[in-house]
Every structure is written in structure tokens, then in C-alpha cells.
Amino acid sequence: MIKRMTKATSLLVAAAAIISIVPAHAADYTKIDSQEGTIYNAVAYKDGKFYVDGEVNDKDEAAYYLADGKYNNLSDIDSGADTDIYGSKYLDVQDGDYFVDLDNGSVTDESIKENAEDDAASALRKNLKKDNDKRYVSTEAETIQDLAGAEIAGNKFSAPWYKFQYTKDNATNGTNTKLNVYTDAQGNYIDADYNLGSIKVTTTAASGTTNKTATISNTDDTYDAAGETVKDQLSASVDSDNAKVIGQDANNIYRIAKVTVTVKNGSTIAKINGIDVSVDTKTFDTTVSGSVSFSVIQKISKAQASGNVDGAKYAKSVTTYIVSDEDGKNEAFTYDNYTVANGKLVGYTANGTNVKTATGTLSSKNGYYYVDLGDEASEDVQVNGSKSAVDTDADGNLWRLDAGYIYEWNNDEDWTKVYKVDGSFDQMSVYNKDNIVAWSKEDDVYSVIGGKGTTTPTDPTPVVNKGWVKTDAGWTFYNTDGTQVKGQWVNDGGVWYYIKADGTMATGWIQDGSTWYYLQSSGAMKTGWLNDNGTWYYLQSSGAMSTGWLNDNGTWYFLNSSGAMLANTTVDGYKLGASGAWIK
């Protein structure tokens, strides 16, 4: 978000019929002309719409709404007013005194942000009062809470979500006294401290002779993994007070947290998701007898699960990634700021004339969920006062301005040079690659990229699609050179997808050669057990459907030629029980 600098500023707009990003390896960039004028503050929006405060286009000092190449004077707003982005389309002026609708340039003194917070709090109270069955202390759940300042981190111009903590009643989650609830403006909430997804824990019994593995899926239940005669001895908790949301996208909330797994009955924890906990003490803290703690990044679905816990709704899906490499070795992913771009997490710290950046890809290998951290880049950046010229766009992509060039982080390990601008520029606002304002206050010069009435950039480069593109037919995928993928597998961020011959992403069952695979509704390839319309199937780590005898963690099952698990029958003289397991 762009805030007005305390000193006077320079500005205006220059030109550009904008083009898409070229592949990261290409050296091409677009040269942008500049214009004379003084900008005090500017905010880029979509479709060539901008908020511009200054002396521009031969006009008097004022706040303007720029659209269709025309500067419209926002007479209610004083030049030099502080601004902040709010919600999907608003500019909050002077801490809520006015709001500018950037879709059409209208100005209102209605308390849009405060009203939205009040409406969200009221809707949350209504839903919790209806749902809560001793999950939270009822006096809190049935009270309208103050959500002012509770908005959680997210990409600019995205619908707000809020965080609130309730005192737990019957809930477990270890010794924590509070539970985190995230809600949208309509009160559609999720209890964020219940679902853990799938954490496989291998324990060694006190005798030292028995290993047993159990899968922990939530923080309320206990599990039998002691390996001896005592059951229900394994549990997990999330440090709810110190869990930190670091970003969100349209479907998920991402947070850094600490998970602790505890086992009783004198047993010890040997492995987490197949990795020995002794591999790195910085990853797995085993200093407390009978427990293991580890830092994680959780990808939490905004959608509610069909079930509930003590009446309360929780996230439909959660994936818990341990902050380490694929072998369990510690990886430092600590930055002042984070952004979510195309499902990847970008951490960055801007300190004066330097910005350090690294991308964390949420990955899995052989059932171990980890953060695949790319190399850190350290680059120069322009600075105005104490503010570095670094910005994120509406899709979460990271941008920087330095020495007359505008760069975009490629969400891997490098910066792509996108635009050549005036070398004096030291401030910018980015909505996306097609809508950018950059300027220098001291040198009275600026450029506006996008919208009508701007000059055409020199050295234009062709439009190049890359990555996922949504079409009327479905999701499609393009290589970095712009070629569309058809009839083959795609690995994106460590997750496999299949693109059909028509170029659209597959879901459900597919047959590739003689092998069957299952693609979830997101398109992601499924591994492990699958219940499809009441029938159990098993997908290997490669995604291939299993048939015949299957040994899953020491238990034998039989899958017929269609992949369906058999139960309550006898195969090859071996009796299978109701769960499908061979009864020895």
C-alpha cells in the first residue's frame, strides 16, 4: 500500500499499452516514456484506473481520479491526505474520513470499513451462537466482538478476512487456553486450531522393541500409537497464541505455527511423517520428554468442512508443512514480510537500499510435507526517506524499483527486468504488470503505465501466457515459452496435475496408458487411500492405482482388478475383516 510521504513529491503519468511478462530467462523489457509533473501520492488500480494526488497534466494541485485518460478532481479530498487500500476496491483516505471507490471514482464519507467490521462481527456472533456446543465459552461466543484492527494479512484489493480468539471450553489443543477463528465479512468462519490434515507419527514403546505409526488429523482426539497395551496415548496441539497469518489467496489462509506432538505411557516419538526426529534439533525439538515440537507452515482452506467439532465449523482441508528441507534439515524462512503468489510463499525484508527475497514452495516427498526454500536474492532498491521502493500487486507478486528499472520477482530465485523508466524514480504503486505508477518527487517526473491516453512504450514485446490460465472451458497451463500444454502431466509447486488432450485440467479418474490415477477437484493428483462413492482405493506415491495385495504400514489389504478394496471375504485363503484388513 502506498502512503503519502511527509515531504512534497513529484509525479505524473507516462505511458503504456502494457504487455505480459516475458519468460524469466529473457533479457527483453519495455521502455517507458516519462512526463513532467509532481506527484505526492498515487495508487494503481485495474483497467487503467488510478488515484493520483499532485500537480499533473497541467492541472492545479489536487487529488484526482484517473480513468479513460481523464483526470477527475476529487474535490472532497485534500491534496496530501494519507491513504490506505481497503477491501476489493476502496481507498481509505485520512483514516476513514472518506472512501474512494476506485471502480468509478465516487467519494463517500460513509464509514465503510467500520461498518464492514461491525457487520462481520454481528454475523460471526449469530453463527457461533447457533453452532457453538461447548467448543468456546458461551459468554464470548454469544457476544459481538470488536473486529477493528483484526483484518488478517492478504493480497491488496482482496475481500477482508478477520481473526479473533475465543476462550476454549471443551476443546483440547493441549494446554492452550484460546482458539483462533478466522471469518469473512459474512460470518462464514473456520476454527483454525482443530484440523491438522495428516501428520504420521511413529513411536517407540518403553520396552524399546515396538514401533507403531498413527496418523494424527486434529488437535481434539487422542490416538493409539504407544505400541503396547495402553490406547489413546498420542495427541497434538498448535501454539494458538503465537500462530501468525502470513498471507492468503482466494481459497486458502497461510500461517506459521508451532505444532507439538505428545505421547504418554513411557513411549517416545521416533519419526514425524517418516523422518527421524534426531536428524536436526533445529527442526525437531525433543527437549521435553515424550514430545516433539516443530515449526510449520499451514495451508488452511477457507471453505468449511461438512462436519463440525462441538458444533463449531472447521476448515475443510489443512496441509501442515514442516519448515525444513525434504530430509528434515532446518531451513530458515524468517522475513519481515510475506506474500502469496500462485500458491508459493515469498518472504522479503526491505531495509533501506537493499531487499532480501526468497521463495518457499510447499512440497511433499514420500509423505513428508516440507518447505522447498529457494536461494535468497539480495538486491539494491531505490529508497525515498525510509521507504524502500518495493510493492506487491493484487496477485501477490513482488516488485522492486532500482536505477531506472522496474523488476518483478519470478517466484523462484531471481528478478525479471520488466520496464525501463526514468532513472530518478524512487516510488511506485503496482496493481499488476499492466497498471503501474512510478515517480520521483524531487525531480518532478512520473510515468503512468496502463489506461487510455498514455503514450505507447518503445520496444514492445509480445504477449506471452505462462502458468495457469482460466478459460470458459476450464483451467489451462502454459510453459514459460508460451506454449500450451496438452495431453501430459504437469508438476507445479511439487504437485502433479494432468492436462487433457483438449488442453484443460483433468479431475476425477483418468487412465494414462494402462494405469489409473485420481485427480482431486483442485486437479491435484491423489496419493494414499481414497474413498470414492463408498468404495476404498489406494493410490501409490506415484499416483498409480494399486491392485492385488497391499501392505500399508504392516497391515495387508486386497484390491481387486478395478482397484476396489475387498472386505468381509476370503482371498487366496486369507480372511479379510470389515475394515478390509487381513485377519491373522
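Biologist: In which sense do strand β34 and β35 pair, and over how many bridges?

Modeller: Keep in mind that this is a predicted model. Strand β34 (residues 427-432) pairs with β35 in the antiparallel sense, over five bridges. The link between β34 and β35 is a hairpin of two residues.

Biologist: Which strand do five bridges join to β35, running antiparallel?

Modeller: That is strand β36, residues 445-449. Here Trp439 stands opposite Tyr446 of β36. β35 and β36 also form a hairpin, with four residues between them. In that turn, Asp444 has a positive phi of about 50°.

Biologist: Which way do the side chains of a strand point?

Modeller: In a regular strand, side chains alternate between the two faces of the sheet. Now take β35. Asn435, Val437 and Trp439 point one way. Ile436, Ala438 and Ser440 point the other way.

Biologist: Are these residues of β35 buried or exposed?

Modeller: All are buried, meaning under 20% relative accessible area. Six of the six residues of β35 are buried, so the strand is largely enclosed by the rest of the structure.

Biologist: What is the strand order in the open sheet of four strands?

Modeller: The order is β7-β8-β9-β10, with antiparallel pairing. The edge strands are β7 (83-86) and β10 (106-108), and each pairs on one side only. Neighbouring strands of this sheet are turned by 25° against each other on average, direction ignored.

Biologist: Which helix packs on this sheet?

Modeller: Helix α1, residues 112-131. Helix α1 touches β7, β8, β9 and β10, and its direction makes about 35° with that of β7.

Terms used: Residues numbered from 1 in each chain as written. Predicted model: local features only at pLDDT ≥ 70, side-chain atom pairs only at ≥ 80, totals over all residues. Heavy atoms only, no water. Buried < 20%, exposed > 50% of the residue type's maximum accessible area, 1.4 Å probe, protein only. Pairing = 2+ DSSP bridges. Axes fitted to C-alpha atoms, helices over the stretch in contact; angles between N-to-C directions. Contact = heavy atoms within 4.5 Å.
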